[in-house]
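Subject: Structure handover

Hello,

Here is the structure for you to look through. Please open it first, then read my notes below.

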Amino acid sequence: MKMANPIAAYNYWVNPVRRQAMATAYSPILRGFLLPGIFYYLYVTYSHWQDETGLTLVMFASISFTTAVCYYLMRQHVLVSEKLTLEELELNGLIANLLMYLNVVSYLAIHFEQSKLIYFALMAVVFSTTGVTFRTTLLSVGLSLATLYWFASGLPPELLAQYVSIGVATTFAAFGMAMLLRKAILKQIDARMLADELAAKAQRLADTDMLTGIPNRRAVFQKIDYLISQRRPFWMGIFDLDGFKSINDIYGHIVGDKLLCAIIERASSMEIPGVRA
């Protein structure tokens, strides 16, 4: 969508309805990622019990099991809320990413294996879909690839060059996927918002008298039915225009229409003590 000026672009991005729609759209994506994550880190915890001993067992198993528990709590108790804001969803996505990052960094810091440096590239690709917002994606992917370079910096130059190439390719892949995903989601959001806007406009037209702009008979009867169903008291006033048909017959419907509009305008300006419009 093209913006006429920077102010219009800013208003477009900070639109609260649109931001809430983004949170609603991204929430199932993050929840979908957390489900296999729960089982994976339970499996990792079991693997640590098989392979580690002593303090390293306690540390690795604690981190992986805590990750699984946090993923479960986020998926079952946090991300199910319909009132979840985009900022809250962004925070949960960042926490999920950092927990995954912590598992890999802690393991490689103690058991460094060159072949497992590829995990950082894989994480960067995962972060491109779970970052929710661009700033979170940028932080998560940047942290992952920077750590990849930090670990690879101790390798021979030819191996370092290979991992730098992997990091560059991963950067383009991760941000390309993130942009495509966001573009697809934002298009759906904009289409849905436009449809809702058109539906609301059609509803207003269906409930409004085209000449005077006041609620028509259908809208009035719907309002009365609603107030009665809610057992809420209300008052109703009726204007009776004596001789109005004669005005239409003698002066024509154009004059009659102008008279109706003038009456509505004058009635709308009336102030009745103790009564709100």
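Is Tyr40 buried, partly exposed or exposed? Tyr40 is partly exposed, because its relative accessible area is 44%. The cut-offs are these: buried means under 20% relative accessible area, exposed means over 50%, and partly exposed lies in between (1.4 Å probe, protein chains only).

Some ground rules. This is a predicted model, where local features need pLDDT of at least 70, side-chain atom pairs count only at pLDDT 80 or more, and totals for chains, interfaces and linings use all residues. Residues are numbered from 1 along each chain as its sequence is written, and side-chain values use heavy atoms, with hydrogens and water left out.

Aromatic pairs

The structure holds nine aromatic pairs. One of them is Tyr40 with Tyr41: the ring centres are 4.9 Å apart and the planes stand at 80°, so this pair is edge-to-face. Rings of Phe, Tyr and Trp (its six-membered ring) pair if their centres lie within 6.5 Å; planes under 30 degrees apart count as stacked, over 60 as edge-to-face and the rest as tilted. Tyr41 is buried, at 5% relative accessibility.

Phe120 and Phe151 also pair. Their rings are stacked, 5.7 Å centre to centre with 25° between the planes. Phe120 lies in helix H5 and Phe151 in helix H6, so the pair ties together parts 31 residues apart in sequence. Both Phe120 and Phe151 are buried.

Helices H5 and H6

Helices are DSSP runs (H or I, at least four residues), numbered from the N terminus. H5 covers residues 118-130 and H6 covers residues 134-152. Their axes come within 9 Å and cross at roughly 175°. That makes H5 roughly antiparallel to H6 (an angle over 145 degrees). Axes are lines fitted to C-alpha atoms over the stretch in contact, and angles run from 0 to 180 degrees between N-to-C directions.

Which residues of H5 meet H6? They are Phe120, Met123, Ala124, Phe127 and Ser128. Contact means heavy atoms within 4.5 Å. On the H6 side, the residues include Val141, Leu145, Leu148 and Phe151.

Cysteines and Thr56

A disulfide is a covalent bond between the sulfur atoms of two cysteines. The structure holds zero disulfides (sulfur atoms within 2.5 Å). Cys70 is partly exposed at 26%, and Cys261 is partly exposed at 30%.

Thr56 sits in helix H3, residues 54-78. Thr56 is partly exposed too, at 22% relative accessibility.

Best wishes

Key: Helices (H or I, at least four residues) and strands (E, at least two) are DSSP runs, numbered from the N terminus. Angles under 35 degrees count as roughly parallel, over 145 as roughly antiparallel, 65 to 115 as roughly perpendicular and the rest as oblique.
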